[in-house]
Amino acid sequence: MGSMSRQPENKSVKIRNGLPPRQGLYDPANEHDACGLGFVANIKNVKSHDIVRDGLTILENLEHRGAVGADPKAGDGVGMLIQMPDAFYRKVTSELAFDLPEEGTYGVGMVFLPPDDAARTTIENIINEKVSVEGHGILGWRDVPTDNSDLGYSIVPTEPVIKQIFIGNCKGSEQQAFERDLFVIRRLIELAVKAENLREAKDFFYIPSMSSYTVLYKGLLLSSQLGPYYDDLRDPDTVSAMALVHQRFSTNTFPTWSLSQPFRMICHNGEINTVRGNVNWMAARHETLTSDLFGDDLEKLWPLIEEGQSDTACFDNALELLVMGGYSPAHAMMMLIPEAWAGNPLMDEQRRAFYEYNAALMEPWDGPAAVAFTNGRQIGATLDRNGLRPARYYVTSDDRVVMASEMGVLPAAEEKIIEKWRLQPGKMLLIDLEEGRIISDNELKAEISGSHPYAEWLARGQIKLEELPVPLGDAHVHNDLPLLTQQQAFGYSQEDLKFLITPMMEKGEEGTGSMGTDTPPSALSDKSKPLYTYFKQLFAQVTNPPIDPIREELVMSLVSFIGPRPNLLDLEGTSGIKRLEVAQPILSNEDLEKIRRISDIEDNEFHALTLDMTWDAASGANGLQGRLDELCAEAETAIAQRNENILILSDRAMRADRVAIPALLATSAVHHHLIRKGLRTSAGLVVETGEAREIHHFCTLAGYGAEAINPYLAFDTVDQLRDKLHLELSREEGHAHFVKAAGKGIRKVMSKMGISTYQSYCGAQIFDAVGLAQGFVDHYFTGTSTTIEGIGLAEVAQETLMRHQGAFGEDAVLKDALDVGGEYAVRVRGEDHVWNAGTVGALQHAVRGNSRDQYRDYAQQVNAQDEHLLTLRGLFRIRKAEDSGRKPVAVGDVEPVEEIVKRFATGAMSLGSISPEAHETLAVAMNRLGGKSNTGEGGEETYRFKPEDNGDSKRSAIKQVASGRFGVTTEYLANSDMIQIKMAQGAKPGEGGQLPGHKVDRRIAAVRHSTPGVGLISPPPHHDIYSIEDLAQLIYDLKNANPRADISVKLVSEVGVGTVAAGVSKARA
């Protein structure tokens, strides 16, 4: 049966399949997606073509959850996963001169192949060879009939040749063992084709499925095109008792055939925010993973997860390994996406023991997620612990279950519906087709958590840090240096003490202040900056939301496990590896000593080794690289040869002749070295450092592998401040407040990226680097993005040495006091600021005196700052026409200034953040120019909607809709030329705004429809936008409120923001 195709109208567009290579600011790693999913199943496992037809109907009714780009016939991808249609395949293969054996003793591989004949033949030969080498037989090949007559002009050039290979079970093994062999065969084929490096096959070759239970039909299609494209799905003999379907909304401009969902076991609506760390941890397990079921075949699977895949594809790979390794699908899903257990007092002890035991086996794949899954015999769905994705289902009297992202995708007579509900946070819906029944969440989890004595295994193998005895005697390492010298060597400033540590110590909370900064990026600063400042925390916007750390506190967890991780495929708890659990990752000095001396405890297999995180000052800046290499080698030797399983990286040995290595650099270097050597899961990493003192420091250390942190110098500084400020706090209370504030801060930072657990955040590398050289980042911070390069290891060493020499030198300024800092306020000898006494004074004089000369003075000062490289734009020079041999355009030929200013728009400053007078003046000025002023998120008084008698207007053309929805009414929206949805703000990405209570007077409260004197906090997310589809819905609603207004979406610039913006445009903003 050949492929049927008709070439659509030719368009002169150069298209290529797959994702482009990394270039400029584009990186294919930044591709995102969201979507709609669903399934229909017959509970009694009765197969019919109706199920397949209903699956196609669900897809068509999920059309609005997909997206269309400039080509109206180009979708982002759809697919359907069904049970093996045995009767249909027997019918079609009988025409191809080969017969199929008994159902269950053959498998079908759906294969996407390149159009190039030579490359396709090479791949087919590889497939045939791998099947034979693994001891199974090739029954035959089949061309899958397709009709591409309705495909968009941009899709046809990307279309693969689609074939099926039928594989016979020649070993006579039971079906699950055969399924495992097919998994191994598929992976061997993928690795072999990759090794061939066939240019013509790139972006075409892919194996959607290879199974004896299921078959997957998918493609880069619209939801209405799947049935017409695949003839098989329209044949009445194609029957199944379940159909799992997915409609993709790709927030990028390069959707691909391979990234269409479902994948082999799942489809997913959401985003795995921790995927970078999850993939790293899976790779790190390589050397310690063993399985009786796989045996020697396990080694053939690696690397298990290919670089460059989507987050869902990576998740699917991990789930496949667990299920093929012996876990049930439901058990594996409970490990990968656990419900909130650490802070849930209502959970029964047996289930809690299950989750706590498995927490050491597998870190959560965290992020907003609704996941539907199947192995062909069971089908189910689960929600993440926050429940931030929609999933509703109903059951009918004729034994059908329909689950989807929303109700109504498959209408049913109301009298037939016997149950209708939604999936709740952390809950699971499972239909066991073989047993012919729905298994409730409680029954399912009670059965799985009761299948093994998890509580006994915990009691035998788990140690909680708080339960360990306090060690007696002196600390392991003494440091008799003066406190001031230590603080200076680690880069402390007076501002660190005043603005950061003091409020944490006094109130147990971070200090609050205005957000944003006008200081130069660290790479351009004249000051010696800590390495932490070169890393910027990523944040969620549009494709996945930040979460509200106050609202979601109950499902967030700071629990961390230190030490070796058990064998992931040990289903019987036989490993005997003990786990050290800490309730939160910031360790007191006493806690660290417990860990350092843990091997002194009887009947204990922990061995902690302290590694020196300093280098010889006499070797100068050049000595850092050699010492880093030594440190990594020491860590490797300690684990591989001496069986040490907790490594403490310590800079306590810092003194005049020993320079402390930046803790972040040492931690990440060791973490990635151990990953590359396959040893990272054999030991825990604890960091003992005097350098870390603020939330960002702790988060970066965690992001690059630190399972726990002891900021010993911060605790000593707390003691100093407590005495200096004469606070009525005991030493223990001061330390406890600091730890509490650090914990709250870490939760807040995790929430910016929609992450709920420290376990998931640890090693997840949720950062961009700004101002670090690519080679430096690739070696020591592998996998981190750095689009703006800068300094490397030599400069980091030099800056560290400068701080060290300042602390131990004869600098008169530093003799008796810390450096002033100047990050948070302008200070003499402090950091440079764009807004300083000179620029502010010049601007005020220019405005008050209406003086052009004063304004020129102000402009000259700001422009001079660019030349001094206070900003990135100062690195640019506008190229004149003469530079490239062109003739300048005459001024008379360009757009007049009166037209140019119409494109001017003010920043979105709300009424309340600035005075009513300033807010109105900006509106009047922009309206006179023909530009646009922006209300900000605080609403606008209604009297401003009417023009003044003199013709002026105080009405802001742009009305903002932010997460707090302050002042948003129908009248407000109707009086706008543009409505701006504020998803994030550059000064505080991933966080909401805060207007202190003293600023909320009667006028402000009236505009915002709130109460005078009560502080107003905008939540980090819009509580009705948890996906790109939700954003599309709000855009639609706002267009209905004011059809004349343009709708814009405010995003924050970050690496990959272009792909997010492309998705927003497809949401019709």
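Which residue stands opposite Val402 in β13? In this predicted model, the residue opposite Val402 of β13 is Tyr394. The pairing to which these residues belong is that of strand β12 (residues 392–396) with β13, an antiparallel arrangement joined by 4 bridges. The two strands form a hairpin with 3 residues between them, and in this hairpin Asp399 takes a positive phi near 70°.

Strand β13 (residues 400–404) has 5 of its 5 residues buried, so it is largely enclosed by the rest of the structure. In a regular strand the side chains alternate between the two faces of the sheet. Both faces of β13 are covered, with Arg400, Val402 and Ala404 buried on one side and Val401 and Met403 buried on the other.

Strand β29 (residues 958–961) runs parallel to strand β30 (residues 978–982), and 4 bridges join the two; strand β30 in turn pairs in the parallel sense with strand β33 (residues 1046–1050), over 5 bridges.

| Strand pair | Sense | Bridges |
|---|---|---|
| β12 and β13 | antiparallel | 4 bridges |
| β29 and β30 | parallel | 4 bridges |
| β30 and β33 | parallel | 5 bridges |

Turning to the whole protein, the secondary structure comes to 30 helices and 33 strands. The radius of gyration is 31 Å, close to the 31 Å that the globule rule gives for 1069 residues, so the protein is as compact as a globular protein of that length. Along the principal axes, the C-alpha atoms fill a box of roughly 90 × 85 × 65 Å.

Of the 1069 residues, 60% count as buried, and the accessible surface comes to about 43200 Å², of which 50% belongs to carbon and sulfur atoms. Among contacts between residues at least 6 apart in sequence, 77% join residues at least 24 apart. The protein carries 108 positive and 149 negative side chains, and the centres of these two sets lie 5 Å apart.

Finally, is Ser588, a loop residue, buried or exposed? Ser588 lies in the loop between β20 (579–582) and α14 (589–596), and its relative accessible area is 16%, which means that it counts as buried, the limit for this class being under 20%. When residues up to four places away in sequence are not counted, Ser588 touches Asn710 and Phe715.

Technical notes:
Residues numbered from 1 in each chain as written. Predicted model: local features only at pLDDT ≥ 70, side-chain atom pairs only at ≥ 80, totals over all residues. Heavy atoms only, no water. Buried < 20%, exposed > 50% of the residue type's maximum accessible area, 1.4 Å probe, protein only. Contact = heavy atoms within 4.5 Å. Rg over C-alpha atoms; globule rule 2.2 N^0.38 Å. Areas by Shrake-Rupley, 256 points an atom, 1.4 Å probe, with all protein chains shown as cover. Lys, Arg positive; Asp, Glu negative; His and termini not counted. Charge placed at Lys NZ, Arg CZ, Asp CG, Glu CD. Pairing = 2+ DSSP bridges.
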